[in-house]
Amino acid sequence: MSGAPPLAVVGNPEGRRVRLFQDAALAAGLPRPRVVPWLDVLRGGARFHPGELVRLDSPGEEPEVDRLLRDVPEPTRVEGTGRWYARFTAAVHGLAAEARTAGAVLLGDPDEQAVLFDKRLGHGRLLAAGVPVPHAPTSGPAAPPVRGWDDVRALTAVRGMRRVFVKPAHGSSASGVLALETSASGRTQATTSVELHADGRLHNSLRVRRYTTEREVAALVDALAPDGLHVERWLPKASLGGRSADLRVVCVDGRATHAVVRTSRSPMTNLHLGGARGDLDAARAAIGAAGGRFADALDVCERAAAAFPGTRCVGVDLLPATGWRRFAVGEVNAFGDLLPGLTGLPGSGAEGLDTYAAQLAAYLRTPRLTGTSTP
């Protein structure tokens with residue numbers, strides 16, 4: 001494609017995300033995008049060229065990058081997300097400054113990255129924009145911090161908060177998430193992928209497990225709290241084929257372009273935790289049978305994406321309520337586009353394109369400079 005600006009991607013050179021983006025560029029007849037490794041970024045060696053469009057991609061799936069960001073010796077450890085957040089957001093702001101100095105264009109707003117990677121701030125941004133979200137006593141910058149189990153007990157003692165999700169404020173991929181239930185008699189249990197070792201260390205596991213005593217649950221929460229916690233009401237989800245269901249909807253430049261249904265028998269629908277892709281046509285049919293329109297569900301996602309106008313692509317976790325009549329947004333993900341092989345929705349403008357090709361087409365149509373977040 002003649003006249004196209006040179007492309008660079010900040011990512012991990014051997015990672016799936018970088019490979020898929022490079023494949024999309026080559027398929028479009030463009031030169032292979034130059035890779036700026038996250039390792040170079042964190043060691044102060046990132047450099048850009050004049051006129052480059054610079055895509056920011058996830059620093060995940062690279063153990064040494066994870067160690068530099070979190071200061072933990074094992075990638076499976078849950079702790080360290082507070083350090084990860086501080087170092088990641090500082091690095092992104094440094095990238096924006098470096099790009100400006102070099103005359104390159106960073107495709108994304110670093111201030112919005114700081115909001116997207118703090119579930120408390122992200123929830124507050126959505127709430128202020130009028131997007132339907134689960135009730136969360138930790139929402140927004142003025143919310144009180146959660147210092148441990150006693151604070152969680154106090155926040156969930158109010159009516160209607162017997163079932164909540166307790167989430168690391170800066171976590172991803174359900175790492176450290178607890179689906180917490182308290183009975184009328186006060187009995188507490190938590191469903192989670194966290195494995196609590198006898199020495200107090202927390203590790204991610206691919207097996208979802210249940211802790212059934214308050215002592216165990218308190219130990220988990222107290223270990224997670226120093227990195228920051230977000231607490232939100234656990235909304236009963238709609239079901240599909242006898243399994244709980246939600247949707248990941250990718251929005252590119254504010255428009256819903258791709259959608260996948262995720263189903264599970266546990267509270268977490270993440271595919272790496274035993275979730276499975278569901279039938280999108282069946283979900284559409286369920287919405288229609290309930291008297292709704294799939295377009296209205298997508299509209300909720302587009303409203304969520306509009307709360308982050310400086311971020312070119314987001315993945316919206318859409319929670320359909322029981323009966324498929326109402327929808328809420330669980331969270332908005334800055335790097336929610338890793339859906340290999342999924343092509344665009346009919347009428348989205350991304351028909352036949354995967355999530356990376358759709359973003360590439362948007363970049364070439366309307367390259368935008370780094371902006372300033374809305375309040």
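**View 1. Buried residues of helix α6 in the predicted model.** Within helix α6, which spans residues 119-128, the residues K119, G122, H123, G124, R125 and L126 are buried, where buried means under 20% relative accessible area with a 1.4 Å probe and protein chains only. Helices here are DSSP runs of H or I with at least four residues, and strands are runs of E with at least two, numbered from the N terminus. The buried residues of α6 pack against α5 (110-116), β5 (163-168), β9 (229-233), α10 (294-306) and β15 (327-333), contact being heavy atoms within 4.5 Å. Just after α6, G130 takes a positive phi of about 80°.

Because this is a predicted model, local features need pLDDT of at least 70 and side-chain atom pairs count only at pLDDT 80 or more, while totals for chains, interfaces and linings use all residues. Residues are numbered from 1 along each chain as its sequence is written, and side-chain values use heavy atoms, with hydrogens and water left out.

**View 2. The nonpolar cores.** A nonpolar core is a set of buried Ala, Val, Leu, Ile, Met, Phe, Trp, Tyr and Cys residues joined through side-chain atoms within 4.5 Å. The largest such core has 62 residues, and those with the most contacts inside it include L126 and W324; its largest share, 9 residues, comes from α4. A second, separate core of 21 residues includes W149, V164, A218 and L224.

**View 3. Residue T89 in helix α4.** T89 lies in helix α4, residues 81-102, and counts as buried because its relative accessibility is 10%. The side chain of T89 reaches the backbone oxygen of A86 at 3.3 Å.

Technical notes
Buried < 20%, exposed > 50% of the residue type's maximum accessible area, 1.4 Å probe, protein only. Polar contact = N/O pair within 3.5 Å; in protein donor to acceptor, adjacent residues only side chain to side chain.
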